[in-house]
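I opened this notebook to record what I looked up, beginning with the ligand and then turning to the aromatic rings.

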Amino acid sequence: MTEIIRNVRGMPDVLPEQAVYWRHLEQTALALLQRYGYAEVRLPLLESTELFTRSIGAVTDIVEKEMYTFADRNGDSLSLRPEGTAGAVRCMIQHGLLHTPGTKIWYQGPMFRHERPQRGRQRQFSQIGVEAFGIADAGIDAELIIMSHRLWQRLGLAAKIKLKINSLGNRSERQQYRQQLQDWLRQHQQQLDEDSLRRMETNPLRVLDSKNPALQQLLAEAPTLLQQLGSASRAHYDQVCAMLSASGIDYQHDDRLVRGLDYYSHTVFEWQTDELGAQGTVCAGGRYDDLVELHGARPTPGIGFAMGQERLVALLEQQSLAASAPLLYVVVQDASLRAAAMQLVERCRDALPDATLLLDHLGGSMKAQMKRANRSGAVLALIVAAEEQQRGEVSVRHMQSDAAQQTLPADELPGWLAGQYASLH
Ligand code: ATP
Ligand code: MG
């Protein structure tokens with residue numbers, strides 16, 4: 001027998017039932033981003049490997065062990081993008097779009113990381129990302145965070161998602177801190193686990209976000225980056241915090257929030273939830289003032305964030321999206337009536353441009369069709385039967401309440417349905 005081929009591990013399908021939530025998330029997010037002046041870019045999924053090693057950092061989890069890298073038929077080393085910022089920066093530089101300060105862009109699509117698949121962690125996952133270039137002022141840091149908070153509100157998720165922020169300072173402050181932290185970690189070597197001992201040498205800041213509970217207690221005693229900041233960096237951070245407070249946004253300063261990529265500087269933040277188990281970060285980002293220069297262009301500040309769509313969809317699925325249920329499911333007594341029923345439904349679609357109206361095309365007994373009407377979750381079932389049709393009438397059954405079945409003139413159906421729809425929305 002021919003073997004059935006399955007999807008690649010960690011790269012799941014999104015089925016229609018879930019896609020409703022994806023669409024809702026995307027439409028809500030995109031409408032909001034537009035209101036803040038972000039313009040769309042569509043970026044390739046494959047880039048030269050060097051783009052990522054250079055910007056993400058050679059000794060990060062992503063570059064060391066998570067990238068899908070291969071030589072193509074010309075022998076060029078290419079990688080599936082593990083994140084969006086590197087490609088966005090490349091695109092902006094390449095097309096001279098950084099000449100206009102204040103350019104804001106967004107993008108959406110799949111990212112690829114060879115991680116261990118588990119709840120909230122996949123090998124292909126999707127992000128909605130935003131980046132703002134050429135703005136050094138702390139106002140944009142705050143605006144990005146306020147914008148994301150507005151999105152959680154729009155999605156009904158604000159109560160479930162909490163903000164953590166920190167400042168990584170500038171390059172030299174980070175460098176000094178790196179040394180200080182490394183010295184401190186060396187003094188406490190005997191208490192570190194294997195992973196942290198390795199990171200202590202290669203990328204000591206990453207020790208700070210160890211998930212090991214025993215270590216977390218020890219790390220609470222470590223010197224902090226905030227103590228290391230000069231007055232300009234400290235003022236920038238204080239301004240961001242003050243603007244968040246003024247906007248009524250709760251935040252928690254977290255000395256151990258360092259993020260997994262090397263390019264960040266100054267403000268970094270994560271939005272986290274307790275409702276998804278271990279993988280609780282739904283949106284993460286920060287400032288990257290050195291990244292554009294690192295790619296050989298004129299120094300240009302930048303800041304952005306990326307939302308993990310799977311994790312947000314998982315939160316949305318905990319609520320129901322009542323609006324997605326069809327308004328009407330049309331069943332016909334016998335197949336000869338379907339053409340007339342179709343014309344009637346089309347007239348209703350003219351009158352209700354936003355409602356979902358379904359016509360049963362599978363036929364069979366009334367019982368079988370009503371079963372499908374029920375399964376569709378429709379609010380109403382329309383029954384087109386021969387005798388009534390001759391009188392120019394149709395019957396409507398209320399599927400979600402005990403209201404009695406009613407008969408009405410077919411001509412009045414579109415107007416009557418519009419009234420029903422309005423009362424539901
Ligand atoms: P984590 O700490 O969960 O590994 P990260 O710091 O590697 O996250 P980022 O690179 O900041 O993640 O990506 C931003 C967001 O993208 C994350 O907050 C998360 O919502 C989502 N994300 C990252 N990796 C994955 C993955 N493997 N599967 C699903 N979503 C992911
Ligand atoms: Mg990760």
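This is a predicted model: local features need pLDDT of at least 70, side-chain atom pairs count only at pLDDT 80 or more; totals for chains, interfaces and linings use all residues.

**Around the ligand**

Residues are numbered from 1 along each chain as its sequence is written, chains are lettered from A and ligands numbered from 1 in the order written, and side-chain values use heavy atoms, without hydrogens and water.

I then listed the polar contacts, meaning pairs of N or O atoms within 3.5 Å; within protein, one must be able to donate a hydrogen and the other to accept it, and residues adjacent in sequence count only if both atoms are side-chain atoms. A side-chain N or O atom of R113 lies 2.6 Å from an oxygen atom of ligand 1, and a polar backbone atom of Q122 is 2.9 Å from a nitrogen atom of the ligand.

**Aromatic rings**

Searching the whole structure, I found five aromatic pairs (ring centres of Phe, Tyr or Trp, the last by its six-membered ring, within 6.5 Å; planes under 30 degrees apart are stacked, over 60 edge-to-face, the rest tilted). W152 and W271 make an edge-to-face pair, because their ring centres are 5.9 Å apart and their planes at 80°. This pair links helix α5, which holds W152, to strand β9, which holds W271, across 119 residues.

Conventions:
Helices (H or I, at least four residues) and strands (E, at least two) are DSSP runs, numbered from the N terminus.
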